[in-house]
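Subject: Handover of a structure for your review

Dear colleague,

Please find below the structure that I am passing on to you. My findings follow it, arranged by chain and then by region.

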Amino acid sequence: MKKWIKKVLEYNEVKLALIFLAIVVLFSLINPDVFTVANLYALVRASATNAIYALAIMIVMCSGAFDASFAVIGSFGAYVTMYILTQNGLDPHPAIVFLISILICMALEFLNWFMVSILHLQAYIATTGTASLLKGAVLVFVSTSYIYTLPSQIGALGKTYLATAVYGSGIESQLHVSVIFIAVMYLVMHILMTYTNFGRQVYAVGADEEAAERAGINVKRIRLIVFLIAGVICGVAGILRDAVGRFSLPNPAEVVGKENISIAAVILGTGNSSKARGSALGTLLGVLLMSFISNNLILIGIPSFYVELATGVLMYIGLVGQMSNRPRRHSAKEGK
Amino acid sequence: MSMKKIVNIENMYKSFFGVVALDGMNFSMEEGEIRCLVGENGCGKSTLIKIISGFYPFDEGKLEINEKEYKSINPAESIAEGIQVIYQDFSLFDNMTVAENILMYSTVAGKKMFINNTNIKKKAIDTLKRINVSIDPDAYVSTLSVSQKQLIAICRALAQDCKLLVMDEPTTALTTHEVERLLEIVKELKAQGVAVIFVSHKLEEVLEICDSITIMRSGRNVYDGKTTERILSKEEIIYYMTGKQFSDKVYEFKSEGDIPLLQVKNYTLDGAFEDISFQIEKGEILGITGILGCGRSELAEALFGVVPADSGNVLIDGKDIGIIKNIEQAIEHEIAYVPDDRLTKGLHLEQSIADNAVIRVLGEFASRFGTLDKKALSEQKTKSLSTLSVAGLVPDNPVRSLSGGNQQKICLIKWLSTNPHILILNCPTVGVDVGAKSEIHDIIRNLARENGTAVVVISDDVYEIMQLCNRVLIMKQGRIALEKNIADTTMEYLEAALAEEKTT
């Protein structure tokens, strides 16, 4: 029995879930409103976009690369899509809207892949370049104005709720349809990374490129697919943000410039135990933890200007909490 | 009956940017054969292996694998032909379990959309059983020891229906016991019909295990033969590898009757060594040997103050300084120590060769304001580097670009530039080929002879001690069991003394 517990505790996801649980309990003791269905719905709404973006950066990081431009790419794809549609007075099926955005984002992630895998540029710098370029390009070449007239069904999507719940105070909170997007995308990613040959190869490339090549893996091809998948995810996330926000704008402030939240979620979810390799479940827990903290600090009476500070402190606690079973490095003597 | 040839290479040429790596190489392997491939660093061994495993295309020549001719071959095709290479770094994936690693190659080659984790685990357990290894298939590779990782790499090759296993320097990171175990496994593989190419620097192992030997020099095979027909002597192998005869002359040392430079009295560190007493004069080269765990490395570290001894005395130039308490104190008394794990800790791999060579003395070239005297420094660089011959040395290239043996030389030079009075070397030539070894030995001997440095060489290689030292101490279970002048003893005697359980 004891051994069983120890083994389960070795999984980073389990530890993260426990930390999450502890924080939920702590917050709920301070303000019972935290532990309500209504608040859960609010959490979903607040974390929807970041949760999906986190998947994009997660798969890229699992492959041992990096993408600093995912949020900019997603926002760019969505804004350009909306711009094209409104300029031409089009109101297509929502699937078409998503598709256009996805294709734009895939093309941009292809550019990232080209720089990282073909030109062998340092991923962080190259994708930061992409981000900077796009941030400016959208303002110079497309438009600077907000687009309030979204395609009708995308607008409708923003107002589609699955359920309603009420806080103790009587304020209503609704469960946004984006929860389905999150659930489906995380499930697909989980299956992809855990049960498919492709997922295994992504982890292999992430662990050691040269070793992966020796194993007969086409590293460039795997990375290409990884970046294209990131493109798909960004394309969806961008449109979803516009739907939830009910307007489209270049470089939305809650996404562009907040990439670190998604990246931190992935790192929290990966942990640094010997089993560290990144997973959809870990990322989800990381996103939930991050969003839960920043969402609820106000509810437990912490002034809003403390939010960033408290988030930082709690992230430290989260990371330290996961360190307990870091692999012991075999010293040179043991190794010999 | 002629056996089926797994690999047959005839008259192969390969060059990189005008540098010839293979120059008319001939090589062949039969089923179930164990063949040792030996040669100095840079002789083309790695190139040959990389051509067989499909990483490099070749320029000219004939390549047949399983009696099928290939104009070019890629890694996937090579794996499909049953060729598996275990590289020195094992190429395992730290973020995966033992089972996932063992079956990784087949998972990739299987090209199935989904993977069956239960099946992977079952097959991994079967493979582990095949070489009688008990390692938890669910353990993550990052938690394993070096020798366990190697076993996993072997299992991974076997899980691939391997017909030819190439092992690149498989024994450098293993203890004597682990090497024995590995050799047993290799013999077991042979019994199962697997052919093995053993690339090794350690000639004892080469002679013990193989059916045949191919010796390479300058990109071609200079010797091919079966050990059943003729066993080469160590000297012959060295001759074929280097094209030079090495003398077996003992390092001669004549005492001038001075006060010993270093005297160690009753040195004791609980649990490591006890009651160690010896002395060493100017210009002496003293060897200390013993099996792993006899306390030899701990003694070396204690003398350099890394892990200070509990009790005893050290006399330097006859002056009692008690115990050497820390590294600063050791350096103050002009003691230098070259550790055994210098490849990981001893060099700044990305920095230039020249910078590495002078890093220990950098402080001497700094002005009061911390700026460096570039001109004097560059003279020192030239001076330091002139003491050794490194093939294709470009001082501004990173150390990483050098072969292992040459890196070792740079590491040694780095310490020598401090002109120590007492130099302690812990396994100075581990993983170095014979040519580089003899050059390193020359450097050490010159240092003792010309500068009067007292050198303590810790080594598990009796041959090296015979070549290099004028006196030897054998340590057993933390104590000195035997002391001999090299001139009065033989290699056989020392080896027998080492092998004995306990000498009283």
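This is a predicted model: local features need pLDDT of at least 70, side-chain atom pairs count only at pLDDT 80 or more; totals for chains, interfaces and linings use all residues.

Chain A contains 15 helices and 2 strands. Of the 336 residues in chain A, 46% are buried. When contacts in chain A between residues at least 6 apart in sequence are considered, 77% of them connect residues at least 24 apart.

Chain B: domains

Chain B is divided into domain 1, residues 5–242, and domain 2, residues 262–334 + 419–499. A distance of 36 Å separates the C-alpha centres of domain 1 and domain 2 of chain B. Contact between the two involves 10 residues of domain 1 of chain B and 9 residues of domain 2 of chain B. On the side of domain 1 of chain B that touches domain 2 of chain B, helix H9 (residues 234–242) of chain B gives the most, with 3 residues. By class, that side of domain 1 of chain B has 2 nonpolar, 6 polar and 2 charged residues.

Chain B: the antiparallel sheet

Four strands of chain B form an open sheet in the order S2-S1-S4-S5, with antiparallel pairing. Strand S2 (19–30) and strand S5 (68–70) of chain B are at the edges; each has a single partner strand, so one side of each lacks a neighbour in the sheet. On average, and with direction ignored, neighbouring strands of this sheet are turned by 20 degrees against each other. Strand S1 (residues 5–16) and strand S4 (residues 60–65) of chain B are joined in the antiparallel sense over 5 bridges, and B:Ile9 has B:Leu63 in S4(B) as its bridge partner. Helix H1 (residues 45–52) of chain B packs on the sheet and touches S1 and S2 of chain B. The direction of H1 of chain B makes about 60 degrees with that of S2(B).

Chain B: the setting of B:Gly39

B:Gly39 belongs to strand S3 (residues 34–39) of chain B. Because 28 other C-beta atoms lie within 10 Å, B:Gly39 is buried. Leaving aside neighbours within four places in sequence, B:Gly39 is in contact with B:Lys45, B:Ile215, B:Met216, B:Arg217 and B:Met241. B:Ser53 lies 14 residues from B:Gly39 along the chain, and their C-alpha atoms are separated by 19 Å.

Chain B: strand S17

In strand S17 (residues 422–426) of chain B, 5 of the 5 residues are buried. Both faces of S17(B) are covered, with B:Ile422, B:Ile424 and B:Asn426 buried on one side and B:Leu423 and B:Leu425 buried on the other. Strand S16 (residues 335–338) of chain B runs parallel to S17(B) and is joined to S17(B) by 4 bridges; B:Ala336 stands opposite B:Leu423. S17(B) also pairs in the parallel sense with strand S18 (residues 454–458) of chain B, over 5 bridges. The bridge partner of B:Asn426 in S18(B) is B:Ile458.

With kind regards

Methods:
Residues are numbered from 1 along each chain as its sequence is written. Chains are lettered from A and ligands numbered from 1 in the order in which they are written. A residue is buried if 20 or more other C-beta atoms lie within 10 Å of its own, exposed if 12 or fewer, and partly exposed in between; C-beta atoms are placed from the backbone. Two residues are in contact if their C-beta atoms, placed from the backbone, lie within 7 Å. Two strands pair if DSSP finds at least two bridges between them. Domain bounds come from an automatic or database domain assignment. Ala, Val, Leu, Ile, Met, Phe, Trp, Tyr, Cys and Pro count as nonpolar, Asp, Glu, Lys and Arg as charged, and the others, Gly among them, as polar. Axes are lines fitted to C-alpha atoms, for helices over the stretch in contact, and angles run from 0 to 180 degrees between N-to-C directions.
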